[in-house]
Amino acid sequence: MALHWAVFQLPAHLVDYVIAHELAHIKIAGHGPDYWTLLRRAIPDCEARKEELDDLGRRLWLGQTAAAGDG
Ligand SMILES: [Zn+2]
C-alpha cells in the first residue's frame, strides 16, 4: 500500500479514514456495497469523512492521495 506523503498533513480523523480505506481494499477491491459495509464497520461515519476529504481535495493540492483516486 502506497500512501502519498500529503495524506499525513490531513487532520487525524481523515488520516484514519484514508488508512482504513486502504486496509479495506485488502479484503474487497473496488467500491461496491460490500466494500462500504466493511469500511463502515471500522469507521461508522466513513461517508461523512469521505465528503470532507473530497472537499479538502478540491481546495488543496494533495496530489494523488490514496482515497481521492481509484485506490
Ligand atoms: Zn478505494
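A: A polar contact is a pair of N or O atoms within 3.5 Å; within protein, one must be able to donate a hydrogen and the other to accept it, and residues adjacent in sequence count only if both atoms are side-chain atoms. Here, the side chains of His-21 and His-25 make one, at 3.2 Å. Before we go on: this is a predicted model, so local features need pLDDT of at least 70 and side-chain atom pairs count only at pLDDT 80 or more, while totals for chains, interfaces and linings use all residues. Residues are numbered from 1 along each chain as its sequence is written, and side-chain values use heavy atoms, with hydrogens and water left out.

Q: Okay, where is His-21 found? And is His-21 buried or exposed?

A: Buried means under 20% relative accessible area, exposed means over 50%, and partly exposed is in between (1.4 Å probe, protein chains only). His-21 is part of helix 1, and with a relative accessible area of 2% it's buried.

Q: How many helices and strands does the protein chain have?

A: Helices (H or I, at least four residues) and strands (E, at least two) are DSSP runs, numbered from the N terminus. This chain has 3 helices and 0 strands, so reading from the N terminus you get α-α-α.

Q: What share of the residues is buried? And how big is the accessible surface of the protein chain?

A: Of the 71 residues, 37% count as buried. Accessible areas come from the Shrake-Rupley method with a 1.4 Å probe, and for residues only the protein chains shown count as cover. For this chain the surface comes to about 4600 Å², and carbon and sulfur atoms hold 55% of it.

Q: Which residues of helix 2 are buried?

A: In helix 2 (residues 33-42), look for Tyr-35, Trp-36 and Leu-39. They share one side of the helix because they cover an arc of only 90 degrees around its axis (the arc is that of the directions from the helix axis to the C-beta atoms). Turn to the other side and you'll see Pro-33, Asp-34 and Arg-41, which are exposed.

Q: What covers the buried residues of helix 2?

A: The cover includes helix 1 (12-27) and helix 3 (46-59). Contact, by the way, means heavy atoms within 4.5 Å. Trp-36, Leu-39 and Arg-40 of helix 2 meet Cys-46, Glu-47 and Lys-50 of helix 3.

Q: At what angle do the axes of helix 2 and helix 3 cross?

A: Axes are lines fitted to C-alpha atoms, for helices over the stretch in contact, and angles run from 0 to 180 degrees between N-to-C directions. Under 35 degrees counts as roughly parallel, over 145 as roughly antiparallel, 65 to 115 as roughly perpendicular and the rest as oblique. These two axes cross at roughly 100 degrees and come within 9 Å, so helix 2 and helix 3 are roughly perpendicular to each other.

Q: How do helix 1 and helix 3 cross?

A: Their axes come within 10 Å and cross at roughly 110 degrees, so helix 1 and helix 3 are roughly perpendicular to each other. Among the residues making the contact are His-13, Leu-14 and Val-18 of helix 1, and Arg-49, Leu-53 and Leu-56 of helix 3.

Q: What is Arg-49 in contact with?

A: Arg-49 sits in helix 3 and is buried, with a relative accessible area of 16%. Leaving aside neighbours within four places in sequence, its contacts are His-13, Leu-14, Asp-16, Tyr-17 and Ile-43.

Q: Where is Ile-43 found, and what does Ile-43 touch?

A: Find the loop between helix 2 and helix 3; Ile-43 is buried there, at 6% relative accessibility. Not counting residues up to four places away, Ile-43 touches Asp-16, Tyr-17, Ala-20 and Arg-49. Ala-20 is 23 residues away in sequence, yet the two C-alpha atoms are 7.7 Å apart.

Q: What about Leu-3: where is its place?

A: Leu-3 lies in the segment before helix 1 and is partly exposed, at 25% relative accessible area. From its C-alpha atom to that of Glu-22, 19 residues along the chain, the separation is 8.8 Å.
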